[in-house]
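Please read them with the structure open beside you.

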Amino acid sequence: MSSPSVSVQIIGSGAVRALPHRGGPSYLLTIDGRRLLFDCGRCAVHNLHRFGTPVESIDEVYITHLHFDHICDLPLLLLLSWNNGREARLPIYGPKGIATFLESGVHQAYEADINSRIKHGNRVREKLDWAATEITAEGLVYENATYCVETLATAHAGLANWNFRITIGDKIVVITSDSEPDQRLVEFCRDADLLLIECSGTKAFYDSVAFGGWHITPEDVGQIARDAGAKQVVLKHFVMESFSEDPGVAESMAETVRGIHPSGEIYAATDGLEFTLQP
Ligand SMILES: [Zn+2]
Ligand SMILES: [Zn+2]
């Protein structure tokens with residue numbers, strides 16, 4: 001059996017605040033043409049189309065946590081993919097509360113719009129629907145013959161918060177959530193071929209803002225990636241840039257990580273950046 005083709009594209013490399021060049025958190029993992037979207041933040045829908053992926057072609061969605069920067073485009077993704085002719089019920093895996101978020105954020109919030117479009121006659125209500133699964137325990141979330149998705153819970157701002165590890169044959173992709181420091185991330189990221197890991201800002205920056213304790217530092221990222229033996233490491237979820245005059249903040253954090261994990265290939269994410277894992 002031939003190895004599956006695996007690629008990952010950064011759909012949004014930013015975080016909460018609107019930066020013109022960085023969408024909110026969203027990452028696309030494509031396995032033999034099957035498209036898995038991890039988080040669906042600000043501009044995810046726009047950027048997916050910009051980078052050539054129509055929203056109706058997304059096959060599965062995984063949500064790390066319910067901070068709005070990670071989910072605000074999810075109602076739009078459902079509505080637009082319905083409008084565009086999505087045929088299958090979209091599976092969505094996320095933390096406790098995701099089902100209520102979707103019920104209120106799609107069915108209730110857009111009731112008038114949905115009824116209007118149904119009366120217009122071009123869509124039926126059932127095609128809008130999704131299949132939400134609330135993750136309640138660490139471990140296996142989904143598996144098929146080609147890949148499996150596992151989770152690890154870490155602390156982040158008092159929310160249910162899931163990190164994802166995807167095993168595709170002998171290839172491993174890990175996509176972390178926002179996270180407070182947690183040494184269990186080392187084992188979870190073990191031998192990752194590609195590790196997408198949050199690096200919101202520096203220690204000095206965290207010390208200056210109220211939410212600083214919710215995130216890991218570039219030094220934490222370097223130590224986790226080094227101890228896990230991660231091969232390609234992509235820093236994402238850049239927050240500090242929105243507060244800094246220095247446009248080189250992301251690259252200087254990448255330099256810090258390189259200093260700690262010199263045998264890894266370290267990248268600062270940009271929107272549209274794509275990685276292909278060689279079989
Ligand atoms: Zn975030
Ligand atoms: Zn968060």
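1. Cysteine 43 counts as buried, because it has 22 C-beta neighbours inside 10 Å and the cut-off for a buried residue is 20 or more. The residue sits in the loop between E3 and helix H1 (44-50), and its phi is near 80 degrees, a positive value in a residue other than glycine. Please bear in mind, here and in the points below, that this is a predicted model.

2. Is aspartate 32 buried or exposed? Aspartate 32 counts as exposed because its C-beta neighbours inside 10 Å number 12, and a residue with 12 or fewer falls in that class.

3. Turning to the sheet, seven strands make up an open arrangement in the order E6-E5-E4-E3-E2-E1-E14, with mixed pairing. Strand E6 (130-135) and strand E14 (274-277) are the edge strands, each of them pairing on one side only. From one strand to the next, the twist averages 20 degrees.

4. Within this sheet, strand E4 (residues 60-62) pairs with strand E5 (residues 90-95) in the parallel sense, over two bridges, and valine 61 stands opposite isoleucine 92 in E5. Helix H4 (residues 98-108) packs on the sheet, where it touches E5 and E6, and the direction of the helix makes about 145 degrees with that of E6.

5. Alanine 131 lies in strand E6, and this residue is exposed because 12 other C-beta atoms are found within 10 Å. Which residues does alanine 131 touch, not counting those up to four places away in sequence? The contacts of alanine 131 are Arg89, Pro91 and Ile92. Between the C-alpha atoms of alanine 131 and leucine 36, which are 95 residues apart along the chain, the separation is 15 Å.

6. Helix H8 (residues 218-228) contains several buried residues, namely Pro218, Asp220, Val221, Gly222, Ile224, Ala225 and Ala228. What do the buried residues of H8 pack against? Their partners are helix H6 (184-188), strand E11 (194-198), strand E12 (232-236) and helix H9 (249-260). Just after H8 comes glycine 229, which takes a positive phi of about 75 degrees.

Terms used: Residues are numbered from 1 along each chain as its sequence is written. Chains are lettered from A and ligands numbered from 1 in the order in which they are written. This is a predicted model: local features need pLDDT of at least 70, side-chain atom pairs count only at pLDDT 80 or more; totals for chains, interfaces and linings use all residues. Two strands pair if DSSP finds at least two bridges between them. Helices (H or I, at least four residues) and strands (E, at least two) are DSSP runs, numbered from the N terminus. Axes are lines fitted to C-alpha atoms, for helices over the stretch in contact, and angles run from 0 to 180 degrees between N-to-C directions. Two residues are in contact if their C-beta atoms, placed from the backbone, lie within 7 Å.
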